[in-house]
Amino acid sequence: MKEKANALKNVKTLTLVAMLIALSAVGALIKIFNTVAFDSMPGYFAALYLGSWYGALVISLGHMLTAITSGFPLGLTNHIYIAVQMGLYAYLFKFFYRKFNIYIAVIAATILNGPVATLLFVPIFGWGFFAAWVLPLTIASFANVFLAALVYKAIPKRSRE
């Protein structure tokens with residue numbers, strides 16, 4: 001009986017991950033600025049609801065879907081680098097949520113995926129890139145993270161455990 005329950009839980013988790021990746025694909029089509037889109041909200045939600053690793057997977061694939069639909073404007077290598085960064089930020093989002101609270105987690109993830117992520121590209125593209133991208137990326141990051149936190153908090157507590 002326990003084996004059947006575990007199999008059912010695995011199917012449920014896999015289905016939910018697939019649905020969140022599909023939602024990332026839809027969000028990838030809602031562009032704010034170039035490759036900045038609403039693709040990461042499902043990844044941040046997955047980090048809170050399913051766990052850090054699931055969130056990292058969903059958000060990384062979400063970014064790659066945005067890059068594909070944008071034509072890889074920064075090049076394939078840079079978009080893979082961004083996907084890895086975003087996976088780390090989703091992982092840290094859950095970490096900050098556990099360690100502190102949802103408010104600190106939202107602020108930390110916004111700063112990491114906004115100014116910090118843009119700053120990491122200064123050695124490659126220069127300060128002009130930073131100046132052009134930091135504001136739209138920070139605003140979109142906040143919107144994605146805030147919406148994920150809002151949806152997570154709207155789910156009854158007994159469903160989250």
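**Helix packing and a cavity in a predicted model**

Mentor: In this predicted model, α7 gives the largest share of the lining of the largest cavity, 6 residues.

Trainee: How many cavities of 30 Å³ or more does the count come to?

Mentor: The count comes to 1 cavity of 30 Å³ or more. The space in the largest cavity is about 250 Å³.

Trainee: Which lining residues are closest to the centre of the largest cavity?

Mentor: V36, H63, I82, M86 and L137, out of 20 residues that line the largest cavity.

Trainee: And which elements each supply at least two residues of the lining?

Mentor: β2 (36–37), α4, α5 (102–119) and α7 (127–154) each do.

Trainee: What is the lining like by class?

Mentor: The lining of the largest cavity has 11 nonpolar, 8 polar and 1 charged residues.

Trainee: Switching to helix packing. At what angle do α3 and α4 pack?

Mentor: Helix α3, residues 52–70, packs with helix α4, residues 76–99, at an angle of about 150 degrees, and their axes are 8 Å apart. Angles over 145 degrees count as roughly antiparallel, so α3 and α4 are roughly antiparallel to each other.

Trainee: Is the crossing of α3 and α4 left-handed or right-handed?

Mentor: Right-handed, for α3 and α4.

Trainee: Which residues in α3 meet α4?

Mentor: On the α3 side they are S52, W53, G55, A56, I59, S60, H63, M64 and A67. The α4 side has L76, H79, I80, I82, A83, M86, G87, A90, Y91 and K94. By class, the contact of α3 with α4 has 12 nonpolar, 6 polar and 1 charged residues.

Trainee: OK, on to α4 and α5. What angle, and how far apart are the axes?

Mentor: α4 and α5 pack at about 160 degrees, with axes 8 Å apart. That makes α4 roughly antiparallel to α5. The crossing of α4 and α5 is right-handed.

Trainee: What residues meet there, in α4 and α5?

Mentor: From α4, Q85, M86, Y89, L92, F93, F96 and Y97 meet I102, A105, V106, A108, A109, L112, N113, V116 and A117 in α5. The classes for the contact of α4 with α5 are 14 nonpolar, 2 polar and no charged residues.

Trainee: Last pair, α2 and α7. Why do you call them oblique?

Mentor: Helix α2, residues 41–49, and α7 pack at about 40 degrees, with their axes 8 Å apart. Roughly parallel needs an angle under 35 degrees, and α2 and α7 are therefore oblique to each other. The crossing in which α2 passes α7 is right-handed.

Trainee: Which side chains are involved, or rather, which residues in α2 and α7 meet?

Mentor: M41, Y44, F45, L48 and Y49 in α2 meet N144, V145, L147, A148, A149, V151 and Y152 in α7. The residues of this contact of α2 with α7 divide into 11 nonpolar, 1 polar and no charged.

Key. Residues numbered from 1 in each chain as written. Predicted model: local features only at pLDDT ≥ 70, side-chain atom pairs only at ≥ 80, totals over all residues. Heavy atoms only, no water. Axes fitted to C-alpha atoms, helices over the stretch in contact; angles between N-to-C directions. Helix = DSSP H or I, 4+ residues; strand = E, 2+ residues; numbered from the N terminus. Parallel < 35°, antiparallel > 145°, perpendicular 65-115°, else oblique. Left-handed = near helix turned anticlockwise from the far one by under 90°. Contact = heavy atoms within 4.5 Å. Nonpolar A, V, L, I, M, F, W, Y, C, P; charged D, E, K, R; others polar. 1 Å grid on protein atoms, 1.4 Å probe; cavity = no way out; pocket = protein on both sides within 12 Å on 5 of 7 lines; lining within 4 Å. Points joined across faces, edges and corners; volume = space filled by probe spheres on them.
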